Amino acid sequence: MLLAQKSGGFGEEWAPALEIVRKLLERENVSKIEWQDLFAISNRITSWVPNGSSLLLRALEEVLRNHVDNAAKRIHQNQSDSELLKAYVYEWSNYSVLIIHLPTPFAFIERGVNRTPNGVSRTEGRHADTLFTVRNVMYTLWNETVFEGIHQRLLAAANHLIAEERNGNAITKSELVVGVREGFVNAGHGDTSSLLLYKKFFETQYINSLQQFYKERACQVLKDGGILQYMAYAYKKVQEEEERAKKYLDPSSHSRLGEATVKILVVDYLEALLAEGSALIQQNDVERLRMLYGLVTKPENGVKPLLNTLAEHIKSEGLKTMKENAQTIVNDSEKYVEQLLAMYERFSKLVHEAFCDDSRFLTVRDKSFQDVINNTDVFKLELIGAKHRPNRSSPESKCPELLANYCDLLLRKSALSKKLTSEEIDERLNKVLLLLKYVGSKDVFMRYHKNHLSRRLISELTADQEKEENLVKMFRDNGMPTDYVNRLYRMLQDIEVNKDLSAAFKKSIGANNNIRGTAENVNLKILNAGAWGRGREKAHITLPREIDDIIPEIEDFYKKQHVGRKLNWAHSWSTGLIGFQNEAGKFDLEVSAHQMAVLFIWNDRPKEKLSYEAIRLATELSDPDLRRTLASLLLNPKIKMQVLATDCQQPNPKNFTDSTLFWINQKFAVIKNDKPQLRGRINLVSRLIIATENAAEEEHEDILRLREYRTQEAVIKCMKIHRTINQIDLYNNVMDVLKNMFVPSKKMVKEQVEWLIEQQFIERDPADINKFNYLS
């Protein structure tokens, strides 16, 4: 009641407020106390004066109208459009500050105004369904009094400035164009959702002028400079227009402006631009490719032809490079891997620098490089087992074999591993895994790698056991077939276990035992057949008496340790060191068990000549094994003087007959610096025969058979998940399941599906033959 008693009539209350409002309108200083008084007066009028809100809004509207009328007169004094634009922007910038601050003290008006004040028309927009506010009144007065009468002249002046900027003339006052834009935007009372006038006039005129400006100029640039010069021009102008739009247009217009710019500068010339893609990629013109990429990614589906061009380039260049170096790299796994890595890095660099590592281009690189690696035109591997069933398998890429050979070079004691540091070997192994990601037949790689690992472990040629274990772990982490990885783990475990086993066997031999001396020199390796390879038929071979005598002792020892297990002797995996003496001197020879069996025939008859048939009967070796063994003693490339001699005119395993004679070369010696040595040690084991020819064929058969089983498992797995699935989706799902092992052909999947139907695991849908149902 105290406030009500102090409140006078409207005129008495409004008088001091009017003075403060006039100060604000004239941009004079207003003290903090005066600013606070304005809040208090507005509150008293709207709270206690009858109809105070309406009276206050009318009075404030009158003051604002006078102020806007004066601003309009000052603006209209300018005759030229440019001066008019400057005057408008100056007046609007002052008035826009008032729009922000002046309505704040009069927020109390909303409590009492329930109708549109006289003389102020409502507009469409956010405030159409709410009470009028002072800010709406200010916007409406400005639009009706100032903007509506001159907006066409303002628009013309703004377009002239923009045209000047497009022509390369820098404009110093870009805020003039921004002021015109704000005028059209604020015609909707500052509501960004009501931009009808802005879109109808400013945005449309802006886009029309852009299209008109570039229509003739683009054609002229293309005619004068050709497509490459036009590409640079279009790339530059598209970027300029994007930056210009950020300055002069409302964010809601950016999308439409972008479409218009792309249409006039890119889409109309897209075919000609894309036609240059192939030549630019061939020339590795990264700068222009980056421009082309920036342009063709703007229109919808514009980039697809460029993706196809890149794919063709990677395939053609990759295969061309491989064919040019085929003779060199087919027998040199190191150069083969270096060639693949060089290509991969070159293509990756191109995608990174020219196409900004766009995921679509990275995908094309991966798919195309995968086609190069798995291509069989240059190198191919015939799975031997496929000869008996030619319709079951197509040629495989030789890449898995060559990658496995390269891993072997890095991991065994070789010239390559000796010259590399540990870090360099790790780096190269990681690169092998990178390439392995693109290999389709990972099961073939794992088979070759397992054979190489077997040789390294048996012959004790491993350069670093820890790296072997780390590589197997990396195989597992990179999703290699689990069953293969587990076998590798067990192989490494067997070698560690055998260290203790050999020591235990030597302790078990009594001091007075006749084989004590031989046992001390035996390095025993008992290997798990499930990990190292399936059981083979026992090969017949006549070993030296010393070896024959110790074999029963080993078997008895093992049976005491492991009841119910059976030992199968793998003589082809065994090696030894023997003393060799002839007329030239005494030598230590590292030989395989087969070589040992052959050489020991001459132990009691060092100078006799023996026929092929006699050697075969004495050693009991199979014909292929014997021919291979004799060739290793006659034609060993590692030594200059051979251990054996023969009367065969052309020493070749194929030329040996039953009557061909062989004898010890009494002049054999170790050659150093072109001089024969009286003593020395030499390794005659060129390569352990982990699998015979028949065994290799059986392993190939195993691969094919295992692929069939894996395909059946994948089909059943997919059917259990989906219960009902169409043929195409089934094939895609099976491919996804098997991608870490091999890529099944559609024919293989079809054959296994038919087999599963015959076995009543699945059935064709009665209503649709292209659908399959799972039978539980």
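A residue counts as buried at under 20% relative accessible area, as exposed at over 50%, and as partly exposed in between, using a 1.4 Å probe and protein chains only. This is a predicted model, in which local features need pLDDT of at least 70 and side-chain atom pairs count only at pLDDT 80 or more, while totals for chains, interfaces and linings use all residues. Residues are numbered from 1 along each chain as its sequence is written, and side-chain values use heavy atoms, with hydrogens and water left out.

**Figure 1. Overview of the protein.** Of its 776 residues, 47% are buried. A contact is a pair of residues with heavy atoms within 4.5 Å. Among contacts between residues at least 6 apart in sequence, 69% join residues at least 24 apart.

**Figure 2. The largest nonpolar core.** A nonpolar core is a set of buried Ala, Val, Leu, Ile, Met, Phe, Trp, Tyr and Cys residues joined through side-chain atoms within 4.5 Å. The largest one holds 156 residues, and the members that touch the most others are Trp-14, Tyr-88, Phe-106, Trp-142, Tyr-230, Leu-265 and Phe-475. Helix α8 (residues 196–248) contributes the most to this core, giving 17 residues. Apart from neighbours within four places in sequence, Phe-106 is in contact with Trp-14, Val-21, Leu-38, Ser-42, Leu-56, Leu-60 and Val-134. A second, separate core has 35 residues, including Phe-587, Val-591, Ile-615 and Leu-621.

Figure 3. Helix α21 spans residues 465–477, and its 13 residues reach 19 Å from the first C-alpha to the last, close to the 18 Å expected at 1.5 Å a residue. The expected span is 1.5 Å times one less than the number of residues. The buried residues of α21 are Lys-467, Glu-468, Leu-471, Val-472 and Phe-475. Seen down the axis of α21, they fall within an arc of 140°, so they line one face of the helix; the arc is that of the directions from the helix axis to the C-beta atoms. On the other side, Glu-466 and Asp-477 are exposed. The cover over the buried residues of α21 includes α17 (399–411), α19 (422–436), α20 (442–458) and α22 (482–508).

**Figure 4. Lys-467 in α21.** Lys-467 lies in helix α21 and is buried, with a relative accessible area of 8%. Leaving aside neighbours within four places in sequence, Lys-467 is in contact with Leu-411, Ser-422, Ile-425 and Asp-426.

**Figure 5. The two ends of α21.** At the start of α21, a side-chain oxygen of Asp-464 comes to within 2.9 Å of the backbone nitrogen of Glu-466. Gly-479 follows α21 and has a positive phi, near 80°. Gly-479 is in the loop between α21 and α22, and its relative accessibility of 24% makes it partly exposed. The C-alpha atoms of Gly-479 and Lys-437 are separated by 9.3 Å, although the two residues are 42 residues apart along the chain.

Figure 6. A salt bridge is a side-chain nitrogen of Lys or Arg within 4 Å of a carboxyl oxygen of Asp or Glu. The whole structure has 40 salt bridges. One of them joins the side chains of Glu-34 and Lys-23 at 3.1 Å, N to O. This pair links helix α3 (residues 32–48), which holds Glu-34, to helix α2 (residues 10–25), which holds Lys-23. Glu-34 is partly exposed at 21% relative accessibility, and Lys-23 is partly exposed at 26%.

Figure 7. In the salt bridge between Arg-256 and Glu-203, the closest N and O atoms are 2.4 Å apart. Arg-256 is in helix α9 (residues 254–265) and Glu-203 in helix α8, 53 residues apart. Arg-256 is partly exposed at 40% relative accessible area, whereas Glu-203 is buried at 2%. Arg-707 and Asp-443 also form a salt bridge, with the closest N and O atoms 2.7 Å apart. Arg-707 lies in helix α29 (residues 693–722) and Asp-443 in helix α20, so this pair ties together parts that are 264 residues apart in sequence. Arg-707 is buried at 8% relative accessibility, and Asp-443 is buried at 4%.

Key. Helices (H or I, at least four residues) and strands (E, at least two) are DSSP runs, numbered from the N terminus. A polar contact is a pair of N or O atoms within 3.5 Å; within protein, one must be able to donate a hydrogen and the other to accept it, and residues adjacent in sequence count only if both atoms are side-chain atoms.
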